[in-house]
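Hello,

Here is the structure I promised to pass on to you. My notes on what turned up in it follow below.

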Amino acid sequence: MANTEPATVTNKQIIFSGYVSGFPKESDLKVTTTTIDLRIPERSTSVLVKNLYLSCDPYMRISMGKPEPLSSSLVPPFNTGEPIIGLGVSKVIDSGHPDYKKGDLLWGVVGWEEYSVITLFPYSHFKIHHTDVPLSYYTGLLGMPGMTAYAGFYEICSPKGGETVFVSAASGAVGQLVGQFAKLMGCYVVGSAGSKEKVDLLKTKFGFDDAFNYKEENDLNIALKRYFPEGIDIYFENVGGKMLDAVLINMKLNGRIAVCGMISQYNLVDPEGVHNLTTILYKRIKVQGFAVSDFYDKYSKFLDFVLPYIRQGKITYVEDITEGLESGPSALLGLFHGKNVGKQLFVVARE
């Protein structure tokens, strides 16, 4: 039902300045202020939302690059001069859509701004029904990263109890969950991260059997042999480059690799090559890239699986939260320098 009283308010936005080569800079994202009418026009099926939490995710770097067919098939590029697009938790202010009413909470695709007008299409947005957990979890544990961990680990890797699992970028939004899912299965799990603080977190908070700081290893092949003397059954790939190269020669026969991301490559003008590809043939390794959007039809199944573990305290989650829309650019850019500890997001408004 449309609002009877028109109301125009200011709407702060983070605008994408232009396509990026190499590491993005804060000048590539500019904060501006415009205005927005808090009414949905008559006969429109759009929904007007107030954004509460916005998510910073590594894939967003791909959208900052010059549009090209390969990357655009995974995520669309940002439009210059417009708010950047990401995932967020929002509250409905006005709705012309029959499935949403004022006051409903949802998570999904929104602009980086205080208010967004969204057009709904299949699996673009999900209504939030469970509010006994932190709302911010719907940017991570109960949102896209959680679903990514679930789909990549269970659907792609087909794990079995007792298998050996290696997770790179293991303290991030996805990696911390993959490790916990693997432990619930009775697997042996090791993670890599880029600081002592993150390594300690993996072992003490998330229950990994072991973890190491890849920056302190002169030879990643030797490091992996130390933790996996008999080889790796499952590798959850978040990094790419030299780490992937070292993992390939340490995989077991019939090992599985879920390729979730390659954050070490996103900011390189000339991506690194991988040299040990023949081991995929020799060891009959399954290597599969995937997009979480291919699995959103399983979202309700995922919630049924994960919510009881959260409520029982058997799954934990660490967030790195900054305050205010203006903090968004530095929070996002910090991802590409490993500054975040856990899931990176920022608060736009607390309802």
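Helices (H or I, at least four residues) and strands (E, at least two) are DSSP runs, numbered from the N terminus. UniProt, in an unreviewed entry, annotates residues 173-306 as "domain: Alcohol dehydrogenase-like C-terminal". The UniProt positions follow the numbering used here, feature names are shortened, and annotations may be inferred rather than shown by experiment.

Before going on, please note that this is a predicted model, where local features need pLDDT of at least 70 and side-chain atom pairs count only at pLDDT 80 or more, while totals for chains, interfaces and linings use all residues. Residues are numbered from 1 along each chain as its sequence is written, and side-chain values use heavy atoms, leaving out hydrogens and water.

The unreviewed UniProt entry also lists "domain: Oxidoreductase N-terminal" for residues 12-118. That stretch, residues 12-118, is 8% helix and 42% strand, and its end C-alpha atoms are 16 Å apart.

The domain assignment (bounds from an automatic or database source) gives domain 1 (8-140 + 318-347) and domain 2 (145-293). Their centres, taken over C-alpha atoms, are separated by 28 Å. Domain 1 puts 19 residues into the contact and domain 2 puts in 15 residues; contact means heavy atoms within 4.5 Å.

Now to the sheet. Six strands form an open sheet in the order S10-S9-S8-S11-S12-S13, with parallel pairing (two strands pair if DSSP finds at least two bridges between them). Strands S10 (210-213) and S13 (286-289) are at the edges with a single partner strand each, so one side of each has no neighbour in the sheet. From one strand to the next, the twist averages 15°. S8 (residues 164-167) and S11 (residues 232-237) pair in the parallel sense over three bridges, and Val167 stands opposite Phe236 in S11.

Two helices to look at here are H3 and H4. H3 lies across S8, S11, S12 (251-259) and S13, at about 150° to S11. H4 (residues 175-184) packs on the sheet and touches S8, S9 (188-193) and S11, its direction making about 170° with that of S8. Angles run from 0 to 180 degrees between N-to-C directions, and axes are lines fitted to C-alpha atoms, for helices over the stretch in contact.

Finally, H3 (residues 144-156) packs against H9 (residues 299-311) at about 90°, with axes 11 Å apart.

Best wishes
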